Structure formats: structure tokens, C-alpha cells
Amino acid sequence: MEIFDAHTFFGAVPEEKTDCSLPTLLRELERHGIGRALTLSLKGVRYDAEEGNAETLEACRAHSHIGNPVLAPVATIDPRRWLGASEQIAGWRRAGLKAARLFPEAQGWPLDYLPLERILAEIDAAGLPVMVSAERQGTATQIARLAKRLSVPIILMEVGYWAFAEGLAAAQLDEKIHMETSNFAAPGSVELAAKAVGAERLLFGSGLPRRSAASALAMVTSSRLSASQQELILGGNLKRITRLE
Amino acid sequence: MKVFDVHAHLGRWPFPIRAGNSDDMVELMDRRGIEKCVVSSTMAVVYDMKEGNALLAGALEKSDRLLGYIVVNPNYLDESQAELQAYLENPKFRGVKIHAGYSRKSCSSAEMRELLAMAARWRKPLLIHAGGESEVRTLAEIARALPGMAVILAHGGGGGWREAAAAAREVENFHLEFSASAAHRERIAEAVKLAGANKVLFGSDMTLLDPAIMFGMMSDVGLSEQDREKVMWDNAVQLFGE
């Protein structure tokens, strides 16, 4: 079974001295037997989406060979610079990008936000899954409301114990909504989520290279779920959603 | 390798977590391979110190693998003194717990300084939740002035973990544990490098967090077998006894 990681990144982290470089990401993926990972450059989150997306594509082109960790590119866009984004988004799938990821919490824009509505409509038209950081309470609720207008899969990223009930409620409301597991830290959380929304709606994420992949993997592999459920979470579901086989 | 967990809680959480009583905790310890742990009452931390400590005293009688922290609160100094007197002769209670966040008192406040001095008279280990660079520096200074009490900084001081590791190198009775819902890959290794393996203890923050998170972080660290044993067991036994 190939492990497919929904949550990795690479780049600079100004607020803390830490090594989140691309070589470190690749080394850690390999060390933990993670064969494939969605990834993006932090430059796109923290500085400029276009430049970041270009860097992401370049890194993924250089690491697209089966046998080593394979990187699959995720696009991002900052709604604060929405004007002129339509053409970019329309070209994402042609360029090989596999999903679109949004960072309302890191970038400080609200979810009740007209530029976001336009961007989501454009991503939906492009047919790409939408990944949204949903660490804070209230985010998953608003995403669930926005999801009614969309047809693509939506992935709530980094949902921790403090927003866990809300994430599950959102996923129960709309079957397009999935949850990524990197912040599942409470005892029994993987089992509870699988029971509440089904293992087919959960996607393994490590948070590499900043986080410990061993911790994230242990939460799934040491759970009481069946081997087939674990396989879905560790890669099967993400392959289906991103259409990567 | 035996594992001694110095940061655990017994009680309920306002989140979907199904591990509320001592049987749940021991079952989780068995599943994760934890031999012993030192527990504080969730209720005592987040709500009522006295009621929570009393409930914990009862629960500790049910298992010889569970040891206890008495929770004290800088907003209730007289009552905290009474709690220390009521329980610290009980051999099941091996330490004192303070949560600066829930009590909303910084380490530099007069009340916190008085409480820390009061707790130090019992010469038992203290587990304290306080975070950020400034708090860590203040706490390290206080620990230096109270050499008879081992101070364990929960979560490594959060964002102040580098300062905490530097302080642990300098201050003999200042120790760290690194439980976290965000399993940072580098922190434990860096802290061991900075402060030495003698200064880092294994803490999980169960039952809020699954100890699997901490075991994963430890497996990512790449310590020598000897250093790993210190972190997982020996350092805790030195402070708390078996």
C-alpha cells in the first residue's frame, strides 16, 4: 500500500528557526515510507501566490518519478489579491495542479468574503478539490455553508480537538466535505471520525516537514480501525479525490 | 523500554474525547505501553481545585500505576496551602501542578511567586503550564531561587521552548516535557542537544492527547538508547520515585 500524504509544504518560516526546506521534506517522506505527497511552497502562502505556485510546480516536476517520494502540486491563491485571478485558476488543471488550498487563518481574511466566493466558483469550474485550513472554531461551519454552492470535494485541513465536533458536524452535513488528520491528537479521534462520517471521508496528513510524520502515522496505524479502513485513510481516498492512480 | 509519563489528566473535556475515568486511562496506558504516570485532575485545573483534588485522591487508590499531582491556584493562596497540607503526606501524591493559563496569573505576578515559594517548601516536583519567552525567563529565575523544588515546564513552554531549553541547561532544577497536539519534529532533539537528556521528560498530556503523538515524536528524535531511557523513564524516577 502506498501512503499518500495530503498535508506537506516546503519553504521558509520567518517566525521560528526551523528547517522546512524541500530536501528535508523529501528526506522525511522517504524515512517514513510515504510514497506520495500533495505539497506546496510556503512562498505562495506567505509572499505571492503566483510565484509560489510556480515554485511548487517546479519542485513537483523534479520529483515526479515513482520510486522516490513523488510530489503532487497544490495551488494556492490569496483572495486579498483576487482581481485578475480568473485566468490563473482556469489554467491550474492544465498546468498539472491537483488541488487548490486556501489559508484564511494564516492570511487573516474572513470566510464571509466576496472575493472568496468568486474564487471558490472559479476553482469549482476548474474541477479541483478545495483544501481549507480549518483550525479555528467557526471555520468549518462557514465552509460547510459555502460548500452548498460547490460540486468539488472539500477538505478541512488541520482540524484539532478544539474544533473536532464542528468538523464532524460539517462533514455530516455535506458528503463533499472530508477531513485531513494531521491535527487529530485526542485518544480515539480517528475511530470517532470514521464512525461519524466514514473512513472514506478521512485523509492522512503529516504536516511535514515541520511536524512529526511518525506521530501522524501512529494515530492512524495504532487506531482500532480495520486494515482496509486504514488503507483508505492513508492513501486510497486521496488518490480517488485527486484522480491520481 | 519502560515509560513514565509525567503529564496526564484525569477527568472530562469539553471535546469529543472518550477517556474520562481511571479505567479508561489505564486501558490507554496499556495500549500505548506506559508503565506509570503522574496525573492531575482536569476539574481541579479548569474549575474547582478542591473538588477536583478530592476526586483524584479517590481515583488514585484504584491503581498503583497512577500517581498524583495536587493542583493549586495562585488566585486562592490560603486554600492552596490547605490543599498541600491535606494531600502531600499521602504517598500517592508525588507533585504539585499549576496552570498559569486557567488561573490567568503570569509567573511574574506576586500571587504566583508566593504560590511557587509555598509549594517549594514541600520539596516535591512541580509541573507548571506557562508559555512564551517572557514567562519562561521569569519562571527559570524563580526556579533558580527555589533550588529544593524540581520545576518541570509543561509543553516545553510552547513558543518559548528555545528559551526554556537554554534555561534548563543553566538552571539545575529546571526541566522540560514536550507534549503537544502539534507534534513538532525538531523540538525534542534540539532541547536534548541544548540542555542534555537529563533535563527532558516524557509527558503525553493524556487523556486530552493520545500518547501516540509523543511516542511518534520520540521515534523521530534519533536519541541514543541511553538518552532515550533517561527521557522515557530514568529522569522521572529520579524526580518522582517509582
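1. Start with the sheet in chain A. Eight strands make up an open, parallel-paired sheet, ordered E1-E2-E3-E4-E5-E6-E7-E8. Strand E1 (3-5) and strand E8 (202-203) of chain A are at the edges. Each has a single partner strand, so one side of each lacks a neighbour in the sheet. Note that this is a predicted model.

2. Strand E7 (residues 177-180) of chain A runs parallel to E8(A), and two bridges join them. A:Glu180 has A:Leu203 of E8(A) as its bridge partner.

3. A helix covers part of this sheet. Helix H3 (residues 49-62) of chain A packs on the sheet and touches strand E2 (34-39) and strand E3 (70-76) of chain A. The direction of H3(A) makes about 165° with that of E3(A).

4. Now chain B. The axes of helix H3 (residues 49-60) and helix H4 (residues 77-87) of chain B come within 11 Å and cross at roughly 10°. H3(B) is therefore roughly parallel to H4(B). From H3(B), B:Met49, B:Lys50, B:Asn53 and B:Ala57 meet B:Glu79, B:Glu83 and B:Tyr87 of H4(B). By class, that contact has three nonpolar, one polar and three charged residues.

5. Finally, the contact between the chains. What does each chain put into the contact? Chain A gives 23 residues and chain B gives 24 residues. On the side of chain A that touches chain B, helix H8 (164-173) and helix H10 (213-221) of chain A each supply at least two residues. H10(A) gives the most to that side, with six residues. By class, the side of chain A that touches chain B has 14 nonpolar, seven polar and two charged residues.

Conventions:
Residues numbered from 1 in each chain as written. Chains lettered and ligands numbered in written order. Predicted model: local features only at pLDDT ≥ 70, side-chain atom pairs only at ≥ 80, totals over all residues. Contact = placed C-beta atoms within 7 Å. Helix = DSSP H or I, 4+ residues; strand = E, 2+ residues; numbered from the N terminus. Nonpolar A, V, L, I, M, F, W, Y, C, P; charged D, E, K, R; others polar. Pairing = 2+ DSSP bridges. Axes fitted to C-alpha atoms, helices over the stretch in contact; angles between N-to-C directions. Parallel < 35°, antiparallel > 145°, perpendicular 65-115°, else oblique.
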